[in-house]
Amino acid sequence: MSQHIELTGEFQDHQFGQRLDQALAELFPDYSRTRIKEWILQDRVTLDGQVANTPREKVVAGQQVHVNVELADDTRWDAQNIELNIVYEDEHILVIDKPAGLVVHPGAGTPDGTVLNALLHRYPGIAEVPRAGIVHRLDKDTTGLMVVAKTIPAQTHLVEALQARQITREYEAIAIGHMTAGGTVDAPIGRHPTQRTHMAVVPNGRESVTHYRVHEKFRGHTRLRLRLETGRTHQIRVHMAHIKHPLVGDPAYGGRLRLLRNATPELTEALRGFHRQALHATMLKLAHPITGEVMEWHSPTPQDMVALMEVLRADTLANPDDLVWN
């Protein structure tokens, strides 16, 4: 038995002049460049309705790409007995509360042990749904809520709702720096020009909008509540670093560790020991893809962030007027 895969997309301005196989690997990161080359050579890729000629073909911004392939069984993912924290479930969807350290989808460096592998074990029939029903992702070390479709109709409607910005996703974060007011970051995000695994604010990136408000102020850090208007890879992390308030513990965008003058030993230890981005998907709201009922879920702040905020509060009380960095 094989799996039918159909992919569609549009090349962006910053991809103009790229090789076709390179541009497709960027557009569809779940598939290797080697496999994409094979698809091109097998005449499985069309550009604006015409069969692509070669992997070396140069692409043009705005071109519509369509990939239509059959994946053999050896490319299917394995079902694995991995525990999931399910906060809601019916015959069409489920909502999970993802812990830190759990990857959502197999990819380079993580071929298994993911949310997708767990879904295949728990719901064998979900194998017939594209990407096992995963319609949006959380980074490996971001915690919190994500919705999964159990059927193709549910997945279709959820994807459409995401694209129409009809699904509300709110996050809690701890940012570096003393912020006095909320705001909006409206800055395009694309692949980093030199670091392949990173994203960045780039002139020709995709539209990206993040709203944030101050939830609690500490001496040199700020607890934020953020709402995504768009859903780009690493969006919150990139946007907060862009406005010079990266998230605590962010290994990719956080920069070097900064300590406040007169920081309590407890705070120094807590910051040195916080090895993931302080980011949690705390609220998810959507119209059920089949019934239309508006549904909302909340996830409590994870314990590691709770402990860090307790130390930040104590440090702020101990140094109420000192906001100077070492």
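1. Basis of the note. This is a predicted model, in which local features need pLDDT of at least 70 and side-chain atom pairs count only at pLDDT 80 or more, while totals for chains, interfaces and linings use all residues. Residues are numbered from 1 along each chain as its sequence is written, and side-chain values use heavy atoms, with hydrogens and water left out.

2. Domains. The chain is assigned domain 1 (1–69), domain 2 (75–163) and domain 3 (168–325); such bounds come from an automatic or database domain assignment. Taken over C-alpha atoms, the centres of domain 1 and domain 3 are 34 Å apart. Five residues from domain 1 and four residues from domain 3 make the contact, where contact means heavy atoms within 4.5 Å.

3. The interface of domain 1 and domain 3. About 430 Å² is buried between these two domains, with 50% given by carbon and sulfur atoms. Buried area is the accessible area (1.4 Å probe) that two parts lose on being put together, summed over both. On the side of domain 1, Gln12, His14 and Glu26 lose the most area to domain 3, together 74% of what that side buries.

4. Helix α1. This helix covers residues 20–27, and six of its eight residues are buried. They are Leu20, Asp21, Ala23, Leu24, Ala25 and Glu26. Buried means under 20% relative accessible area, exposed over 50%, and partly exposed in between (1.4 Å probe, protein chains only). Helices (H or I, at least four residues) and strands (E, at least two) are DSSP runs, numbered from the N terminus.

5. Is arginine 219 buried or exposed? Arginine 219 counts as buried because its relative accessibility is 2%. Arginine 219 is found in the loop between β12 (209–217) and β13 (221–228), and a polar contact of 2.8 Å joins its side chain to that of aspartate 315. A polar contact is a pair of N or O atoms within 3.5 Å; within protein, one must be able to donate a hydrogen and the other to accept it, and residues adjacent in sequence count only if both atoms are side-chain atoms. Threonine 264 also touches Asp315, together with Ala318, when residues up to four places away in sequence are not counted.

6. Histidine 215. Histidine 215 is found in strand β12 and, at 42% relative accessibility, counts as partly exposed. Leaving aside neighbours within four places in sequence, histidine 215 is in contact with Arg223, Leu224 and Arg225.

7. Salt bridges. The whole structure holds 14 salt bridges. In one of them, glutamate 170 pairs with arginine 225, with the closest N and O atoms 2.9 Å apart. Glutamate 170 lies in strand β8 (residues 168–176) and arginine 225 in strand β13, 55 residues apart. Glutamate 170 is buried at 6% relative accessible area, and arginine 225 is buried at 17%.

8. A network. Which residues do salt bridges that share partners join into one network? Glutamate 216 forms a salt bridge with arginine 223 at 3.1 Å between the closest N and O atoms, and another with arginine 313 at 2.6 Å, N to O. Arginine 313 lies in helix α7 (residues 303–318) and glutamate 216 in strand β12, so this pair ties together parts that are 97 residues apart in sequence. The network joins Glu172, Glu216, Arg223 and Arg313.

Note on methods
A salt bridge is a side-chain nitrogen of Lys or Arg within 4 Å of a carboxyl oxygen of Asp or Glu.
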